Amino acid sequence: MPAPAKPRPPLPEGPFLVVGLARSGEAAASLLAGRGEQVIGVDSAEPPAAKRLADAGIDVHTGADGAGLVARARCVVKSPGVPQQAPAVAAARDAGIPVIGELELAWRLLPNRFCAVTGTNGKTTVTELLGHIWRTAGEPVAVAGNVGTPLASLVGEVDPRAMIVCEASSFQLEDTVAFAPECGVLLNVAPDHLDRHGDLDAYLAAKLLLFANQGSDDVAVVNGADPAIAAAELPGAGRRVDFAGRLGEYETSLLGPHNAENAAAAATAAAELGIPEEAIRKALASFAGVPHRLERVAEVDGVLYVNDSKATNVAAADAALRSFDGGIHAILGGSLKGGGFADLAGPVAERCVACYLLGPAADPLERDLAPAWEAGVARERPADMAAAVAAAAARAKPGEVVLLAPACASFDAYRDYEERGEHFRSLVREIAE
């Protein structure tokens, strides 16, 4: 497929202050330094990347908010995990210094066509599925973004003819300025990250920035069956295409009815970008899914253990529960993100045998799921994940499911949802041995 002719704006002038030195920040700082730019890095903690960046000659400051460093910069590059109210970010905006994110930075330096995927749930699955479709069709592709590979790490390393399929979170999108993917995909919108965005309207507005700079030759693939999306007026000039009309047209081996939507979204985007129908169908049929998303870990004594650690909000946990007819032992809880759990009461009552409530969310879960307890669903309050898995394994009967679908973030006990899912896997493997 041909490389695009869409022009990119130039980077703002340096020096650059990179705020937040986790995965995205490290990639951004390394990219800029490699281009000969003057780079200052700052992080309020002491991430492992700090030493690597300092060893590479970058001026790194840890345990600091960075506000005092803003005067030395002409552009701030903000990592997605850094809130808009962070002192360095606020100081930059007060001083009229441009603030961009790593997504915007890398896009300006990559000549490739982009397909960017956002939504509350399913982003990773659809992004990886699109990469699988391109590979099945024999077309060059690179998958990056919120899925784990920082976009900035692709600059200078990827074939300019390759399609870049990029998962874009609301945190990344709110730091875009000119970002304009040839194809933008919006899967769904449900309450999430309200502790950061404040309310659902602000969260939706961040998601819609995906389309804000699209031109008439670009395409906006959306879920018209989602009420919030159906009612939204899309910004930008991209051609709106509703993937909900293609539900049921494609077969996939993935668990859960929500994956029919994911398949339809990926198939629609791929078709709009010129991938042949035959390759799309072949890829959908052979896609094995992604780790930590309704991942079958093992079957032990007739009990299926499923890892959906990536279900970090209520809507995702709801979808996970509805992927099974019943007999579920659900491990729920973790750190809170704003919002309650009342919407889970129905599916828990319908499908669960027992729930195992963890972390700071245990109290609100116990309160909000009261209708499920009244309907006869058992509940326990294990001390940690190991105790929860042990309790579920002791209670579960052949034909039932032990499902990790926390409906919460993981930061009370783990670095991220991946570490939480890996711990669940290891505990299940110990049972299986």
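A crossing of two helices is called left-handed if the near helix is turned anticlockwise from the far one by less than a right angle, and right-handed if it is turned clockwise. The views below come from a predicted model, in which local features need pLDDT of at least 70 and side-chain atom pairs count only at pLDDT 80 or more, while totals for chains, interfaces and linings use all residues. Residues are numbered from 1 along each chain as its sequence is written, and side-chain values use heavy atoms, with hydrogens and water left out.

**View 1. Helices α16 and α17 cross at roughly 45 degrees.** Helix α16 (residues 385–395) and helix α17 (residues 417–432) have axes that come within 10 Å; helices are DSSP runs of H or I with at least four residues, strands are runs of E with at least two, and both are numbered from the N terminus. The axes are lines fitted to C-alpha atoms, for helices over the stretch in contact, and angles run from 0 to 180 degrees between N-to-C directions. The two helices are therefore oblique to each other, given that angles under 35 degrees count as roughly parallel, over 145 as roughly antiparallel, 65 to 115 as roughly perpendicular and the rest as oblique. The crossing of α16 past α17 is right-handed. Where they meet, α16 contributes M385, A386, V389 and A393, and α17 contributes R420, H423, F424, L427 and I431, contact meaning heavy atoms within 4.5 Å.

**View 2. Helices α5 and α11 pack at an angle of about 125 degrees.** The axes of α5 (residues 123–136) and α11 (residues 277–286) lie 8 Å apart, and α5 passes α11 in a crossing that is also right-handed. From α5 the contact takes L129, H132, I133 and T136, and from α11 it takes A279, I280, K282, A283, L284 and S286.

**View 3. Five strands form an open sheet with parallel pairing.** The strand order is β3-β2-β1-β4-β5, where two strands pair if DSSP finds at least two bridges between them. Because β3 (59–62) and β5 (99–101) stand at the edges with a single partner strand each, one side of each is left without a neighbour in the sheet. From one strand to the next the twist averages 20 degrees.

**View 4. Strands β1 and β2 run parallel and are joined by four bridges.** In this pair of β1 (residues 16–19) and β2 (residues 39–43), L17 stands opposite I40 of β2. Helix α1 (residues 23–34) lies across β1, β2 and β4 (75–78), running at about 165 degrees to β1.
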